[in-house]
Amino acid sequence: MTAAETRPDPESVGAAATPQRQGREEVVFHLDGLSVHYGEFPAVKGVGLDVRRNEITALIGPSGCGKSTVLRSLNRMNDLIEIAKVSGLVEYHGVDLYGPAVDPVEVRRQIGMVFQKPNPFPKSIYDNVAFGPRIAKTDDDLDGLVEQSLRRAVLWDEVRDKLDQSAYALSGGQQQRLCIARAIATSPDVLLMDEPCSALDPIATLRIEELMVELKSDYSIVIVTHNMQQAARVSDRTAFFTVDESVTGHRTGILVEFDQTGKIFTNPSNPKTEDYITGRFG
Amino acid sequence: MGRPVSRRHSIAEAAHGGRGLSASVMLAGDPRRRRKEARVRGFLFAAAAATVLVGVAIVLALIGEAWNFVTQVEFSKLWSLGWFPRRDFFDVRTIVLGTIIIAGIAMVVATPLGLGAAIYLSEYASPRTRRILKPIVEILAGIPSVVLGYFALTWISPNVVQRLFTANTFNMAAAGIGVGVLVTPLVAAVTEDALRAVPVSLREASYGLGARRGETVRKVVLPAAVSGIVAALILGVSRAIGETMVVAMAAGATGGSLLQLNPLEPGQTMTAAMTALAIGSDQVAGSGLAFQSLFFVGLLLFAMTLILNVIGDRFVRRVREKY
């Protein structure tokens, strides 16, 4: 089952579709008043932003500002943490992601994720990429799918002769591209990337960034990054988060500003954003 | 070493060709602390050496006495109608097969229960449930085997084995199930540790690809933990083979046993046979070769567990997914 099937069909909306409506349909995620609590304490609260199709949306901000938490609420990875509670609205193509009829497993099949540290399975390169398709039982032409996914992740030429070798024999950068290939192999609609380059050297980082820009034509990408230059280089829109310390000393993440990346980095409307991106804070 | 003072010293030393420490640089340290460190090191080495020495001495004693037995016994007695050491019938088949039957029954009980409990605790239970259950499992691992011996004889035998089959009150099945119950917490605890050692990042990767919990357990966690799981099972088998009390009490045949393959009948394992021989030193000494046979059986036991460990090690090396 591909994401295209659940997406509202543009044709069926009718001739009345105004440019405004069309713009609405480009929205992949619509967040409104999203808060995530760990136990009693809010980790992040009141987040509202739209993620658009075929764009890279970057979430930036200092440590503890809840950007990873927001990212993980987009594919219900937070469900795995018992004490995490999500409130507010997360719409995915107009469907409430936390609605009662939604199966988190199905959500994760359509919304792929790449993690901070490369986490290939201790299996062969081939088995890593084939993992998702095998589980989804869409493995008609597994060899072709594995090759195609590795090509999309620009890893094929480096691993074509050693597909049966352990993924752990690859370098860190290659492992991360393998993880991207693995995520792509389930043909998701969105890729969530949680600081995908933080464990990599500059050259490997550059390759991943190039890859992201290339993948943008097929996927919508949300990336969490510590690296502001990276956000400026690759993203179309940027959300800046910061930490709000309460009187009791409890730290809660809040969204400060969300806008076109160009605007955030050249002419932010909030002075806090300016302080952060110019390095005066954070 | 950029300070002018030390440079001047090193130049002076180089000129003399000496390597001694100059008076102005204190590098000798406190001699008392160095001596203390040497003493600690010596003590730790002695502890390690003693362990190895005791082990080697035991094996040598075993081999020596076993050799005495092998050279003196008539070989036809090693392959006779049963294990009656005081009457000079040393049919090793009886006790080796008895051991294998009982350990086999035990593992049929302990493997699914132990692995199931471990998978539940590690992968399914909420942190709260786990906090309560894990210590209980570990306490169960410490139940004295005498208690389980009585349990096997007075409860498992009449309520399980004899209800399902027509069996002797003393039977190997009840003893095997009893040993299985005894071994289950051990298998569960060690397996659970192995499962918990699998990095969370691998589970996240699996869930992130749309795998369900069961798929994640089967395709990611279990393969990654296989070396630990095999270790747990080998530990379990070794314990089952080495278990004495439950078998001695519930399997009957305290003095000896006829060759018996039917688990519903009384039987004798290697350890139980040794116990029976060792009850009362006069009896052990009483008949010629019975005493030496103890060591022979002990050596056989030792060899069996050693072979098991080697096989397990080989297996793990072949199937292991290293993370």
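Buried denotes under 20% relative accessible area, exposed over 50% and partly exposed in between (1.4 Å probe, protein chains only). The structure is a predicted model, in which local features need pLDDT of at least 70, side-chain atom pairs count only at pLDDT 80 or more, and totals for chains, interfaces and linings use all residues. Residues are numbered from 1 along each chain as its sequence is written, chains are lettered from A in the order in which they are written, and side-chain values use heavy atoms, without hydrogens and water.

**View 1. Strand 3 of chain A and its burial.** Strands are DSSP runs (E, at least two residues) and helices likewise (H or I, at least four), numbered from the N terminus. Because five of the five residues of strand 3 (residues 56-60) are buried, the strand is largely enclosed by the rest of the structure. A:Ile56, A:Ala58 and A:Ile60 point one way, whereas A:Thr57 and A:Leu59 point the other way.

**View 2. Strand 3 of chain A with strand 8 and strand 9.** Pairing requires at least two DSSP bridges between two strands. Strand 8 (residues 220-224) pairs with strand 3 in the parallel sense over four bridges, with A:Val224 opposite A:Leu59. Strand 9 (residues 237-245) also runs parallel to strand 3 and is joined to it by four bridges; here A:Phe240 stands opposite A:Ile60.

**View 3. The interface of chain A and chain B.** In contact (heavy atoms within 4.5 Å) are 23 residues of chain A and 21 residues of chain B. Two salt bridges link the chains, each a side-chain nitrogen of Lys or Arg within 4 Å of a carboxyl oxygen of Asp or Glu. One of them joins A:Arg72 to B:Glu204, with the closest N and O atoms 2.9 Å apart.
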